[in-house]
Amino acid sequence: MSQDKSHQSDTGLDVLISGGSMGGLFTGIALARSGHRPTVYEQSAGALESRGGGIVAQQNIRRFLSEHDIVDPADITTRSRERRFLTENGDIERAVSETMVFTSWDALYRQLRDAFPDEQYRTDTEVVAVEPEAATVTTDDGTDRTGDVVVAAEGGQSTTRAQLHSDVKPEFASYVAWRGVVDEADLPTVCAEAFDGTFTFYQGADQLILAYFIPGPDGETERGSRRLNWVWYDTLNGRDRDAIFTDTSGTEQRFSVPPGELRDPVRHRQRERAGTLPPVFETLVSETPDLFVQAIYDLTVPTMIAGRVCLLGDGAFVARPHTAAGTAKAAGDSTALADALSSHGSVEDALAEWDQTRTEYGTTLVARGKQMGDVRLNLN
Ligand SMILES: Cc1cc2nc3c(=O)[nH]c(=O)nc-3n(C[C@H](O)[C@H](O)[C@H](O)COP(=O)(O)OP(=O)(O)OC[C@H]3O[C@@H](n4cnc5c(N)ncnc54)[C@H](O)[C@@H]3O)c2cc1C
């Protein structure tokens, strides 16, 4: 086994970050800006491929982009001015004035990735073990690397979390989210216009669908070049969960089947079920080239630190998407970590304070997501 020992200079800390998606990049950028030396290890070989979905661009995400001079948030976001609820036959049941700001996962990822130096972003490198007290990570090439702090931003299936909290398991919420994205230009005009400027919902007996515009594939925000993103929460309706999550290669996925990998019978059955939706949503689903699905689950850890290892983003807490807070939470964890390290003389004190505030936040958010989802899907 080779040993690559990082050297601490007079100022700043060597921070080893496992995971180079949103949480890893927010952390790398925030820590570099505070004078630390982050290195990201990402197991994927190339650029991460979007699952194609939308993200609510909460205020702290937009602030992160502006304060770190990454991009003017207006350049990669779309806005709605009204939250609108439809009846089953498509009439407007209720409308509430409210401005919401949206972006796409791919547009945000691209901006964050471009803002982080390639030399400090190692792809095709999986962290296979951590040594919490020594702040050491072992990567899949057999190298041990020691820093001052390790951040595991490994998402909902984090192996570092499994190493540190073997008793913590994601809990399936008994419903799923079908999702899709369609180019505005490919939709009938009347359908695109029905959703323009609104955050539109339909609540059925055991289903909930919503849609909003997000930027186009290259971040375009002008009308005509955007995409319409929808999320359709649905109970299993007697269907077998394993059958839904078995992809085209016959592999049983645990939590999501990405675009292009849903088996035909599964896709057809869900498209047929779109007949129970208001007509504009039915059109939207039928015009979507590729559906994908993710299981809704809850995940909570009792503490986000172990020695000098921090669990961050979805690696620590997964709140249901009704909270629209997954990416914003990752941004919040990251900036709070940078602030804690700047305001405490000792790393231990900084991590303890960070753990207390962010564990409290994550726990509350997961509880709120459970409550929102169970009420909306009539699961109580
Ligand atoms: C490719 C991809 C596409 C996504 N698309 C969407 C979307 O369209 N809409 C949406 O709302 N959310 C999407 N998400 C989820 C969203 O990014 C997260 O819910 C949220 O932003 C929190 O991010 P995270 O960095 O904590 O976790 P994640 O985004 O899940 O990222 C975890 C990262 O860690 C890497 N990783 C895991 N284990 C290891 C290891 N041991 N060693 C090295 N690397 C490791 C993974 O490859 C991944 O890149 C996507 C996630 C990914 C990975």
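Modeller: Contact means heavy atoms within 4.5 Å. Leaving out residues up to four places away in sequence, Leu-284 touches Val-182, Leu-187, Cys-191, Phe-195, Ala-211, Leu-228 and Trp-230. This is a predicted model, in which local features need pLDDT of at least 70 and side-chain atom pairs count only at pLDDT 80 or more, while totals for chains, interfaces and linings use all residues. Residues are numbered from 1 along each chain as its sequence is written, and side-chain values use heavy atoms, with hydrogens and water left out.

Biologist: Which residues have the most contacts inside the largest nonpolar core?

Modeller: In soluble globular proteins, nonpolar side chains tend to be buried together. A nonpolar core is a set of buried Ala, Val, Leu, Ile, Met, Phe, Trp, Tyr and Cys residues joined through side-chain atoms within 4.5 Å. Buried means under 20% relative accessible area, exposed over 50%, and partly exposed in between, with a 1.4 Å probe and protein chains only. Here the largest core has 86 residues, and those with the most contacts inside it are Leu-112, Trp-178, Trp-230, Phe-281 and Leu-284. Helix 9 (residues 326–343) supplies the largest share of this core, 8 residues. Helices (H or I, at least four residues) and strands (E, at least two) are DSSP runs, numbered from the N terminus.

Biologist: How many residues does each domain bring to the contact between domain 1 and domain 2?

Modeller: The centres of domain 1 and domain 2, taken over C-alpha atoms, are separated by 28 Å. The contact takes 23 residues from domain 1 and 20 residues from domain 2.

Biologist: Let us turn to sheets. What is the strand order in the open sheet of 9 strands?

Modeller: Two strands pair if DSSP finds at least two bridges between them. In this sheet the order is 4-6-5-13-14-15-12-17-16, with mixed pairing. Strand 4 (54–56) and strand 16 (256–257) are its edge strands, each pairing on one side only. Strand 14 (residues 207–214) and strand 15 (residues 227–235) are antiparallel, with 8 bridges, and Phe-213 stands opposite Leu-228 in strand 15.

Biologist: Which helix packs on this sheet?

Modeller: Helix 8 (residues 279–287) does so, touching strand 5 (78–86), strand 12 (171–183), strand 13 (198–203), strand 14 and strand 15. Axes are lines fitted to C-alpha atoms, for helices over the stretch in contact, and angles run from 0 to 180 degrees between N-to-C directions. The direction of helix 8 makes about 70° with that of strand 14. Strand 12 also runs antiparallel to strand 15, over 9 bridges, and Ala-177 stands opposite Tyr-233 there. With strand 17 (residues 292–298), strand 12 has 6 antiparallel bridges; Trp-178 has Val-293 as its bridge partner.

Biologist: Which strands stand at the edges of the sheet of 6 strands?

Modeller: That open sheet has the order 7-3-2-11-19-18 and mixed pairing. Strand 7 (121–122) and strand 18 (305–306) each have a single partner strand, so one side of each is left without a neighbour in the sheet. Strand 2 (residues 14–18) is parallel to strand 3 over 5 bridges, with Ser-18 partnered by Tyr-41. Strand 2 also runs parallel to strand 11 (residues 149–152), joined by 4 bridges. Strand 3 (residues 37–41) is mostly covered, as 4 of its 5 residues are buried. Helix 1 (residues 22–33) lies across strand 2, strand 3, strand 7 and strand 11, at about 170° to strand 2.

Biologist: Finally, is Arg-84 buried or exposed?

Modeller: Arg-84, found in strand 5, counts as buried because its relative accessibility is 17%. A polar contact is a pair of N or O atoms within 3.5 Å; within protein, one must be able to donate a hydrogen and the other to accept it, and residues adjacent in sequence count only if both atoms are side-chain atoms. The side chains of Arg-84 and Glu-82 form such a contact at 2.8 Å, and the Arg-84 side chain reaches the backbone oxygen of Ala-194 at 3.4 Å.

Key:
Domains from an automatic or database assignment.
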